[in-house]
Amino acid sequence: MHETAIAQSLLEIVKEQALLYGAKKVTRIRIKVGALSGVVPEALQFAFEVLSRGGVAEGARLEIEEVPSRIRCEDCGVFEGTPFLVCPNCGKLAELLSGRELEIESMEIEDGGEGS
Ligand SMILES: [Zn+2]
């Protein structure tokens, strides 16, 4: 499934970062997902939960921020929330401004250096 592959590569990046910062545990991951990226947040959430088991990101909270699509028609201006790359007003092919994002925005880690 699409989301499984995405969760997998997401976890790979998270693992790399965790290693880089000497993190013992990843507690929170915030990602941006564009409305036109084709990702179903619930499915990604589920895949992440399953795949993160036993790893550094086990139990981490995955926060998915959905970015609405924005397109610009050179005649009619900017439209938000359209599902296609076509101007809803005149039907012309529009330019995509945002909505295909799929990126890690931030993550929180525990370095194990403090706490009880
Ligand atoms: Zn237009």
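**Strands, core and zinc**

Modeller: Arg-30 stands opposite Ser-106 in E6. This is a predicted model, where local features need pLDDT of at least 70, side-chain atom pairs count only at pLDDT 80 or more, and totals for chains, interfaces and linings use all residues. Residues are numbered from 1 along each chain as its sequence is written, and side-chain values use heavy atoms, with hydrogens and water left out.

Colleague: How many bridges join E1 to E6, and do they run parallel or antiparallel?

Modeller: Eight bridges, and E1 and E6 run antiparallel. Strands (E, at least two residues) and helices (H or I, at least four) are DSSP runs, numbered from the N terminus. Two strands pair if DSSP finds at least two bridges between them.

Colleague: What's the strand order in the open sheet?

Modeller: E2-E1-E6, with mixed pairing. Strand E2 (61-67) and strand E6 (102-110) are the edges, each pairing on one side only. Neighbouring strands are turned by 15° against each other on average, direction ignored.

Colleague: And which strands does H1 lie across?

Modeller: H1 lies across E1, E2 and E6, at about 45° to E6. H2 lies across E1 and E2, running at about 160° to E2. Axes are lines fitted to C-alpha atoms, for helices over the stretch in contact (heavy atoms within 4.5 Å), and angles run from 0 to 180 degrees between N-to-C directions.

Colleague: Which residues touch the most other members of the largest nonpolar core?

Modeller: Val-26, Ile-29, Ile-31, Leu-44, Phe-48, Ala-57 and Leu-62, out of 19 residues. H1 gives the largest share, six residues. A nonpolar core here is a set of buried Ala, Val, Leu, Ile, Met, Phe, Trp, Tyr and Cys residues joined through side-chain atoms within 4.5 Å.

Colleague: What does Leu-62 touch?

Modeller: Leu-10, Ile-29, Ile-31, Leu-44, Gln-45 and Phe-48, not counting residues up to four places away in sequence.

Colleague: OK, the metal. What coordinates the zinc ion?

Modeller: The SG atoms of Cys-73, Cys-76, Cys-87 and Cys-90, at 2.3 Å. Donors are N, O and S atoms within 2.8 Å of the metal (3.2 Å for Na, K and Ca).

Colleague: Why is the arrangement called tetrahedral?

Modeller: Because the four donor atoms subtend angles of 107 to 113°; four donors count as tetrahedral if all angles lie between 85 and 135 degrees.

Colleague: Is Cys-73 buried or exposed?

Modeller: Buried, at 2% relative accessibility, while Cys-90 is partly exposed at 41%. Buried means under 20% relative accessible area, exposed over 50%, partly exposed in between (1.4 Å probe, protein chains only).

Technical notes:
Four donors count as tetrahedral if all angles lie between 85 and 135 degrees; four count as square planar and six as octahedral if opposite donors are over 155 degrees apart and all others between 65 and 115; anything else is irregular.
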